[in-house]
Amino acid sequence: MNHNTLYRLADSTAAEALVDDWVAWPHTFAPVPSSLHRLNYQKKNLTSYLQNPQIHVKSSANPKLLGGSFVNVPADRVEEVAQMLTRIETEHADSLQMAKDLLDFQNLLDQEAAGQSLEPYYRQLPESLRGYVELLYDYNNRPIVRCIESLFYKSRHYKKHLQSLRLFTQTHDRARAYYMSTPRLPDDDSIAWHIPFSESTIDELFKLDSQPQPLPYIRDVLGVDAADDHKLIRLLTDKPPRQNEPWHGPGARVRYLGHASVLVEYNGVSILVDPFLAVNPSEGGIERYSFQDLPPHIDYVLITHVHHDHYVFETLLRLRHKIGCLVVPKSSGIFYADISMKLLARELGFRQVIEIDPLDALPFIDGEIVAVPFLGEHNDLPFAKSGYLVRAGKQKLLFAADSNCLDERMYHNLCREYGAIDTVFLGMECIGAPLSWVYGALLPKLPDHKHCQARRSNGSNAEAALRLLDAVDASRVFVYAIGREPWLQYFMALEPEDDDVYIREINKMLAVCRDKGYADARRLYGRDEIFLAE
């Protein structure tokens, strides 16, 4: 190989972020939720797999069971799964004990604490919790074990050495196993790069998307030697990168990147909302914008909430070197599952993070970003979340995330302060997952099945969406693809149909908007480009 040849990352090269060989997302990363998830989901899943691997493999291949707790690992690798389970039980014994102690102590307080002083209970705290929690009541005398999250990041329960990136060629959009249920075992076609996510060296790798380097430099970054060149070279290309200059045209250019990801460019300022970018598979797929299509610098990245498909580690790490400021909503600091996105960002190596409250504003040239509240979508649990109003000149764009418009008066209040809003981007996953699907592993006890099914992470249906649009006096509406892009399957566990309830509700809403004479009303998919004149 010619060492003078310059290489960049191939368009099909993915870099999956992992924690202890499981896909990294907030529940496998933040110390307290990750310990609970390991105890009540990962450990149980692997134990079930070892009892009957064939059932897990067969169930994983059934589209109707997508998103179930089935380990999609071939039965001939059962010994590796057994070793992983042993490692969890031994190397994570302290964290497993802490998780059990936390749930047990919360349940003890629920039984005993009825308004009397909580001070005596500090002497009953298990050793694993001492120095890390505060005992509180809410205003109805219900006890709360408040985990002091920043302290837990400094404890033995936060294990940075288990973080890694798995570099591999994405062959097709549906190649990855379901993110939550299946660990990533080593294979001959990928490179496992064990490195804490906060390390700046990661930026040197991902700068290769736009700044090619010679092979020895890339080897040095990854810490591999020439013996691994047969793996490494497959992840690279000598084709020059595309050069994308910031948009300076008239008005705003808006690019839809898939799922709930939107790039707004105005007056040389770029704003990226909920980034979740897909690579281009080596075997091809639907058209999309990918990492090669982004501007060289992104001034603001706006995160709406901490769900795994909006706070996406894989994308955030890959873009970190070009992001000016990461903007996140503020958590309460009271409930351990209400994860601090600011602390997450710090541990992901972001240096400039702004934590916002509703109606906080960030000005830029002839525009501003305003944080706005949104209701619903979180199973009635307390969570940090924010929509965003972006004013670009005379244009106003509302990124309402997965708002379930439970009370349109909130949007009336918003417009009383900021005026009518021309353009709305909205998610309409109107059914949503039940409480137990994501949060079951974290809660001290679940409500009964009926209540779990009633408490769903759902957004607006047609009726609620129309109430929102009327409240802000919108003239354009763009509905996110709600996980329908094929590269979302492993992350969203959706197998969409052309006439399912989501599409029926979206079409019903869009038909009303068109009848009302909206300038534009459509469902987004894959990639799109929208120009908004001054």
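Start with the largest pocket, which has a volume of about 810 Å³. Of the 42 residues lining this pocket, select E429, M492, A493, L494 and Y502, the closest to its centre. A pocket here is an open set of points on a 1 Å grid over the protein atoms alone, where a 1.4 Å probe fits, with protein on both sides within 12 Å along at least five of seven lines; lining residues have an atom within 4 Å of a point. Grid points are joined across faces, edges and corners, and the volume is the space filled by probe spheres set on the points.

This is a predicted model, in which local features need pLDDT of at least 70 and side-chain atom pairs count only at pLDDT 80 or more, while totals for chains, interfaces and linings use all residues. Residues are numbered from 1 along each chain as its sequence is written, and side-chain values use heavy atoms, with hydrogens and water left out.

Helices (H or I, at least four residues) and strands (E, at least two) are DSSP runs, numbered from the N terminus. Colouring the lining by class gives 19 nonpolar, 13 polar and ten charged residues. Nonpolar covers Ala, Val, Leu, Ile, Met, Phe, Trp, Tyr, Cys and Pro; charged covers Asp, Glu, Lys and Arg; the others, Gly among them, are polar.

Next, go to the second largest pocket, with a volume of about 670 Å³. Its lining has 22 residues, and Q106, F335, L381, L443 and P444 are those nearest the centre. Helix 5 (93-112) and strand 5 (143-147) are the elements that give two or more residues to this lining. Strand 5 gives the most, with three residues. By class, the lining of the second largest pocket splits into 14 nonpolar, one polar and seven charged residues.

Select strands 15-14-13-12-11-10-23, listed in their order across an open sheet of seven strands with mixed pairing. At the edges are strand 15 (353-356) and strand 23 (528-532), each of which pairs on one side only. From one strand to the next, the twist averages 20 degrees. Axes are lines fitted to C-alpha atoms, for helices over the stretch in contact, and angles run from 0 to 180 degrees between N-to-C directions.

Within this sheet, show strand 12 (residues 269-273) with strand 13 (residues 298-302): they pair in the parallel sense over three bridges. Two strands count as paired if DSSP finds at least two bridges between them. V273 stands opposite L302 in strand 13.

Now select the open sheet of four strands in the order 3-2-6-7, where the pairing is antiparallel. Strand 3 (22-23) and strand 7 (191-194) are its edge strands. Strand 6 (residues 163-169) pairs with strand 7 over four bridges, and L165 has W193 of strand 7 as its bridge partner.

Strand 2 (residues 13-19) has seven of its seven residues buried. Buried means under 20% relative accessible area, exposed over 50%, and partly exposed in between (1.4 Å probe, protein chains only). In a regular strand, side chains alternate between the two faces of the sheet. From strand 2, T13, A15, A17 and V19 point one way, and A14, E16 and L18 the other. Seven bridges join strand 2 to strand 6 in the antiparallel sense, with E16 opposite R166. Two bridges join strand 2 to strand 3, again antiparallel, and V19 has W22 of strand 3 as its bridge partner.

**Two aspartates with positive phi**

Zoom in on D20, in the loop between strand 2 and strand 3. This hairpin has two residues between the strands, and D20 takes a positive phi near 55 degrees. D20 is buried, with a relative accessible area of 6%.

Then move to D366, in the loop between strand 16 (361-364) and strand 17 (367-372). D366 has a positive phi of about 55 degrees although it is not a glycine. At 42% relative accessibility, D366 is partly exposed.

**Aromatic rings**

Finish with W25, Y178, Y179, F276, W437, Y490 and F491, which ring pairs link into a cluster. Rings of Phe, Tyr and Trp (its six-membered ring) pair if their centres lie within 6.5 Å; planes under 30 degrees apart count as stacked, over 60 as edge-to-face and the rest as tilted. The count by this rule is 18 aromatic pairs. Y490 and F491 form a tilted pair, 5.1 Å centre to centre with 40 degrees between the planes. Both Y490 and F491 are buried.
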